[in-house]
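Please examine the sequence and the three-dimensional model shown below.

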Amino acid sequence: MYAWLWRHLPGPVAVRVLILLVLAAAVLVACFAWVYPALAPLMPFNDTTVGN
Amino acid sequence: MSAPEHAGVPVDPQGAARVEPAAPGSPAPGDERGAPSVKARPSRAHSIVFGTVGVIGELLITAGVLLFGFLAWQLWWTDVQGDKAQAQIVDDFATDPVPTTTPTVAGEAARVKIATPRHDEPPVDKAPAHAVTFATVQVPRWHGIGAKPISEGIDRATVLNPKGVGHYPGTQMPGDVGNFATAGHRTTYGKPYHRIAELKVGDPIVIRTKTTWYVYRMVSKEIVYPNDVGVIAPVPDQPGKKPTKRMITMTSCTPMYSAAQRYVVHGELDYWAPISSGIPVELLGTKGNPSLADAGLTSMPTSTSTLGGR
């Protein structure tokens, strides 16, 4: 998967590394902004209120 | 980039190791490191299996890294966001200003007035609409922790997570006879009640509404299971009994990082005072409030508490 990604990235090694870092940062930002907040209510340790 | 050459075997430019030059049609596997020994000629099935296992492995590693990301988000980032958002809510919560004295001697600095405790019938606000912030809470024992907002409701998504402390709907409002019951996160989302276990009997718990200070003092604590809702009854732990005291209850999760039980602190109203008359002496020197020197004091006066337990 990552080998495939690496082969399909353009440019020299430095550029590819840069692109990968930007991609990783984008994934992390997306997780912090949307994915984790959506997952959090499903976690048992967040079920703090007694059901109504 | 390219796979290592095995015993002088050439490597094709695609980066996939071709272990036998006599097999030009052999498919390039997804993972060049998955190439088996130079002697075994990888079959098509072999390549698919190794490629699939490689991809699954990479996905699992990625999932593991993202799980650590979730931990960082839950345990750190929600606090960063919560602290910021709740401090902003407290800033935006407009109350009457705390008055200062008018200097009698020219050049003398104005001093912050200290509220005179009142023990008569306190004013009681009406419960606001869901998620509306109507008060703040500050505990001087939690040194370095400023006031936290209190909003109506205990829904996680709309109150506890974004706004800090919640007020159990249907329980009394600050100052009223009965139980002003609140809930706050012990950890994460700004953790307003993080240090609830540090409270000692007699400690002041200061509630500030738009117009009024209510100074409660801790009288007891208990650790209960989440379904023990009697702790927020008008007379705590005695549901159905007619209340005569003006109580406050703070509930939070315990043990930390778990929702297994509830840490419950009960307090009783010591005194109240209009904000326009000054600041409770208990708040001097705490975060976000004037210092003792601002009020012309050199040391904290002995408690004015009318409750026992000090």
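Which residue of β6(B) stands opposite Arg208(B)? Trp213(B) in β6(B) stands opposite Arg208(B). This is a predicted model, in which local features need pLDDT of at least 70 and side-chain atom pairs count only at pLDDT 80 or more, while totals for chains, interfaces and linings use all residues. Residues are numbered from 1 along each chain as its sequence is written, and chains are lettered from A and ligands numbered from 1 in the order in which they are written.

**Chain B in outline**

- Chain B has two helices and eight strands; helices (H or I, at least four residues) and strands (E, at least two) are DSSP runs, numbered from the N terminus.
- The order of these elements in chain B, from the N terminus on, is α-β-β-α-β-β-β-β-β-β.
- Of the 310 residues of chain B, 36% count as buried. A residue is buried if 20 or more other C-beta atoms lie within 10 Å of its own, exposed if 12 or fewer, and partly exposed in between, with C-beta atoms placed from the backbone.
- Among the contacts in chain B with a separation of 6 or more, 56% are between residues 24 or more positions apart. Two residues are in contact if their C-beta atoms, placed from the backbone, lie within 7 Å.

**Domains of chain B**

- Chain B is assigned domain 1 (1-92) and domain 2 (98-295); such bounds come from an automatic or database domain assignment.
- Eleven residues from domain 1 of chain B and 14 residues from domain 2 of chain B take part in the contact.
- On the side of domain 1 of chain B that touches domain 2 of chain B, five residues are nonpolar, four polar and two charged. Here Ala, Val, Leu, Ile, Met, Phe, Trp, Tyr, Cys and Pro count as nonpolar, Asp, Glu, Lys and Arg as charged, and the others, Gly among them, as polar.

- Strand β5 (residues 204-208) of chain B is largely enclosed by the rest of the structure, because five of its five residues are buried.
- Pro204(B), Val206(B) and Arg208(B) point one way from β5(B), Ile205(B) and Ile207(B) point the other way, and all are buried.
- Strand β1 (residues 133-138) of chain B runs antiparallel to β5(B) and is joined to it by three bridges; two strands pair if DSSP finds at least two bridges between them.
- In this pairing, Val137(B) stands opposite Ile207(B).
- With strand β6 (residues 212-224) of chain B, β5(B) pairs in the antiparallel sense over five bridges, and a hairpin joins the two through three residues.

- Four bridges link β1(B) and β2(B) in an antiparallel arrangement, with Val137(B) opposite Lys148(B).
- Strand β3 (residues 165-167) of chain B pairs with β2(B) in the parallel sense over three bridges, and Ile150(B) stands opposite Val165(B) there.

**Strand β7 of chain B and its partners**

- β7(B) is largely enclosed by the rest of the structure, because eight of its nine residues are buried.
- β4(B) and β7(B) are parallel partners over six bridges, in which Ala183(B) has Thr251(B) as its bridge partner.
- β7(B) pairs with β8(B) in the antiparallel sense over eight bridges, and Ser252(B) has Tyr263(B) as its bridge partner in β8(B).
- Six residues lie between β7(B) and β8(B) in their hairpin, and Tyr257(B) in the turn has a positive phi of about 65°.

**The largest nonpolar core**

- The largest nonpolar core holds 47 residues, and Val137(B), Ile205(B), Tyr214(B), Tyr216(B) and Ile279(B) touch the most other members. A nonpolar core is a set of buried Ala, Val, Leu, Ile, Met, Phe, Trp, Tyr and Cys residues joined through C-beta atoms within 7 Å.
- β8(B) gives the most to this core, with six residues.
- Val137(B) touches Ala147(B), Lys148(B), Ile150(B), Val165(B), Ile205(B) and Ile207(B), not counting residues up to four places away in sequence.

**A helix of chain A**

- Helix α2 (residues 13-39) of chain A bends by about 50° at Cys31(A); the bend at a residue is the angle between axes fitted to the seven residues ending there and the seven starting there.
- Of the 27 residues of α2(A), one is buried, so this helix lies largely in the open.
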